Amino acid sequence: VVGFYDPLNLAEAEFWGQSNEATIGFLRHAEIKHGRVAMFAFVGYIVHANGIKFPWAMQMDGSPFPEANGNPPALWDTVSDDAKWQMFGLIAFLEFWSELSTPEHTHYMRGGKPGDFPDFTSGPDGIPHPVPFNLYDPFKFSKNMSEEKKESRLRAEINNGRAAMLGIFGFLSAQCAEGSVPLLNGVVPHYDGEPMAPFVTNYLGEPFGL
């Protein structure tokens, strides 16, 4: 377990004129959320690097899922912009939904639980159609779990998320700056693209010749 580590004294800050409690809620929620994204990314990297993919077509025109050839960032570059916009649209919706503050879900900066994702509710005050499953625990496995067990699992999730953040950036660093991660020398292929750019085409810079 990683102990308390705060060299920048962020835990004593008050972001945007908010209280210290709200700031700590923001920081904790941000760490949990980024850890979850990193865990998805790390597992996804391993899956694609090993050539595992769905057997059916990726797009409506019959285009198959592209081959990674052991290079997941290069695979992402071959995905069409239309497909990427669908992914970003889903991410934007989940981000919007996660920030909702309702009578059933208190915002993490207002005393709610950091990392808690609100349930999908249907009806006048929610989504205008039935949603059978929630994003978190869709099959209600944790319904009868004790608070102690939930707290233990959250600590495990935070620590796994921290490890995944280091892991995924270790992979990308090794691919873009050869030799930067000695343990990965000869394990991952070189990548010449821009790993932080969502699109191959620089749509914002194109009008300026960038």
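The structure is a predicted model. The protein holds four helices and zero strands, and its elements follow the pattern α-α-α-α along the sequence. Of its 210 residues, 24% are buried.

**Overall dimensions and surface**

- Along its principal axes, the C-alpha trace spans about 45 × 45 × 45 Å.
- The protein exposes about 14,700 Å², and carbon and sulfur atoms supply 63% of that area.
- Among contacts between residues at least 6 apart in sequence, 48% join residues at least 24 apart.

**The largest nonpolar core**

- In soluble globular proteins, nonpolar side chains tend to be buried together.
- The largest nonpolar core of this model has eight residues: Ala38, Tyr45, Ala164, Ile168, Phe171, Ala174, Leu184 and Val188.
- Helix 1 and helix 4 (147-176) are the elements that give two or more residues to this core.
- The largest share, four residues, comes from helix 4.
- Tyrosine 45 is one of the core residues. Apart from its neighbours within four places in sequence, tyrosine 45 is in contact with Pro72, Pro73, Ile168, Phe171, Gln175 and Val188.

**Histidine 29 in helix 1**

- Histidine 29 belongs to helix 1, which covers residues 20-49.
- Is histidine 29 buried or exposed? Its relative accessibility is 6%, so it counts as buried; the cut-off for this class is under 20% relative accessible area.
- When neighbours within four places in sequence are left aside, the contacts of histidine 29 are Tyr108, Pro114 and Gly115.

- Helix 3 (residues 81-98) has 18 residues, which should span 26 Å at 1.5 Å a residue. The C-alpha atoms at its ends are 25 Å apart, in agreement with that expectation.
- Ala83, Lys84, Trp97 and Ser98 are buried in helix 3. They cover an arc of only 155° around the axis, and therefore lie on the same side of the helix.
- Asp82, Trp85 and Phe96 are exposed on the other side of helix 3.
- What do the buried residues of helix 3 pack against? Their packing partner is helix 2 (72-78).

**Salt bridges within a helix**

- The count for the protein comes to eight salt bridges.
- An α-helix has 3.6 residues a turn, so residues three or four places apart point the same way.
- In helix 1, glutamate 31 and arginine 28 are three residues apart, which means that about one helical turn separates them. Their side chains meet in a salt bridge, with an N to O distance of 2.7 Å.
- Both partners are classed by accessibility: glutamate 31 is partly exposed, with a relative accessible area of 23%, and arginine 28 is partly exposed, with a value of 34%.
- In helix 4, lysine 150 and glutamate 147 are likewise separated by about one helical turn, because they are three residues apart. Their side chains meet in a salt bridge of 3.9 Å, N to O.
- Lysine 150 counts as partly exposed at 32% relative accessibility, and glutamate 147 counts as partly exposed at 47%.
- Salt bridges that share partners join Arg28, Glu31 and Arg162 into one network.

Notes: Residues numbered from 1 in each chain as written. Predicted model: local features only at pLDDT ≥ 70, side-chain atom pairs only at ≥ 80, totals over all residues. Heavy atoms only, no water. Buried < 20%, exposed > 50% of the residue type's maximum accessible area, 1.4 Å probe, protein only. Contact = heavy atoms within 4.5 Å. Expected span 1.5 Å × (residues − 1). Arc of directions from axis to C-beta. Core = buried A, V, L, I, M, F, W, Y, C linked by side-chain atoms within 4.5 Å. Areas by Shrake-Rupley, 256 points an atom, 1.4 Å probe, with all protein chains shown as cover. Salt bridge = Lys/Arg side-chain N within 4 Å of Asp/Glu carboxyl O.
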